[in-house]
Structures are given as C-alpha cells and as structure tokens.
Amino acid sequence: MTALYRLRFLSTSFGFNHAHKCISAGKRLNIVLQSCFAPERATSSYSKDVNHWNAVKGHLNLKSFSTVNVTLPLNRLCWNCGSSAALFFCSSCNAIQPADDKTNYFDILNSEQTFSLDTQKLQKRYLELQRSLHPDNFGQKSLKEQEYSEEQSALVNKAYRTLQKPLSRAVYMLELQGVLLEEGTDATADPAFLLEVMEINESLAETRSQDEVHAIGRSVREKLKGLIEQMNSSLNKGDLLTAKGLLAQMKYFTNIEEKVKDRITQAS
C-alpha cells in the first residue's frame, strides 16, 4: 500500500520546488499527497472575501493588533425611519437593518480583537444574536425585513464559524492585515517539516490499529496546542511573518487531525 503514496508529490508544483532539497539532503520521501496538499476545509472560502477585508485593514495597527476594534460607520441610517441605526436594529423604530458584510467579525460578535478570545463568551453572544435575528421571528414582517433577517443571520453564522476555531480565526486575523496564505502550497515551508507531515500521514494511512490512530491523534493535538500558543504570541507582538509560517503548519496538522477523526468515526 505504501507504493500508492510515494512520489506523487513530485507531480505537484510544490513537489518540484522542494524535491531537490529533500533528495540532495539524503532524505527519504514518504509521501501521502491526497490530503497534504488539498484545500483545507477550514480555509476554503476566505480567498473569495479578500476585497471585504481590504476596506477595514487600514484601521489596524501592527503594534496593537490584538486589541484594536474597527469603528463602525457613523453615518449608518435606518432604512425605515431615517434615524441613526446600530449594527442590527434601529434604536428609534427597532426595525432590523440590512447586513453589512464589510463589518469586522469581532465587532459583529462584540468580541475583543484577540487570538486568545473567550470562546464561551463568543458562543453566548452568538446564541443571543441568533435568537433575535432568526428568520422565524420575522414571519409576520415585511418581505424586506424577512430578507434582512436572513442576511443578518447568515452573516452572524459566518462570523461565528470563522472566529470559533483557532485555524480559521488566525486566517481571518492575518487577512485583516492583508497577509494571505496560498491554497495548497507554501514555497517557504521547511523540507524537514514537510517530511515529518508526510511520515505522519503515511503512518495514519497504513495503520489498521485503532490504538495507533488514537496515539497519532494525541500527538497531533499536542503539536497544535504548541502552535496555537506560538500564534497567540506572534499576533500579540505584531510579528505577521512568523504568524504566517505558523499558520501554514497549523493547516497541515489540522488536516491530519480531521483525518484521524474520520478514521475513528468510521471504526465506531
């Protein structure tokens, strides 16, 4: 079975960029291509939203990256009565407002803009918003209000999904600063790190022991825990170059973690 996973890596642009480094160092290429370089689930939608974040990234400061909140527009007026309107409802007539997909996700969920946010508070705020914005509450309202309810509810869902998990949260915070990670490849990745990832993937693909699958899962979770701590430190310091490198590693190990979960689910 091992033969099915070897040397496919060389057929990718990523493989051509790094294979000579690995071979010249006398490294053995144990390759599992299928999931290593596939677009990761947690980050598949972000490249489509770059234009939205360009509108707000100018408000952020590298030195205070973990704590700055983007100010909401001051000239937002209610579509129904013309009064000043908050993000979700008009303070005068209480009409639901149209969603603004350029609004910072941290502002939407009333959260401090930090990587080490309180996920329990985040979930509490999310549930509160969905109770008030859910389309079921607007069945007797006008078509416009029903439409706005659906838009607002979908935006809150998207913001929560993004900020809830460390990987997607890190991707979003870097995108706010204009730092993007290319899909499926990282020309700056350390060949030694790539070999480690490939060997873990190969071990997972070949093993038939559930005990070993669980052991791989525990090891990967420990690696992710360390990377998350480093990511928090890098973002707090505004060290975006280091954060980008850490994000690439988080993507690989998160991908392995998902495969471990799939193996455990299949066996149950």
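In this protein, 69% of the contacts with a separation of 6 or more join residues 24 or more positions apart, a contact being heavy atoms within 4.5 Å. The model is predicted, so local features need pLDDT of at least 70 and side-chain atom pairs pLDDT 80 or more, while totals for chains, interfaces and linings use all residues. Residues are numbered from 1 along each chain as its sequence is written, and side-chain values use heavy atoms, without hydrogens and water.

The secondary structure consists of 10 helices and 0 strands; helices are DSSP runs (H or I) of at least four residues, strands (E) of at least two, numbered from the N terminus. Of the 268 residues, 44% are buried. Buried means under 20% relative accessible area, exposed over 50%, and partly exposed in between, with a 1.4 Å probe and protein chains only.

Let us now consider individual residues. Phe106 lies in helix H4, residues 105-108. Why does Phe106 count as buried? Its relative accessible area is 0%. Phe106 and Tyr160 are 54 residues apart in sequence, yet their C-alpha atoms are 9.1 Å apart.

Glu151 belongs to helix H6, which covers residues 143-164. Because its relative accessibility is 32%, Glu151 counts as partly exposed.

Lys165 sits in the loop between H6 and helix H7 (166-176). With 49% relative accessibility, Lys165 is likewise partly exposed. Between the C-alpha atoms of Lys165 and Thr119 there are 8.6 Å, against 46 residues along the chain.
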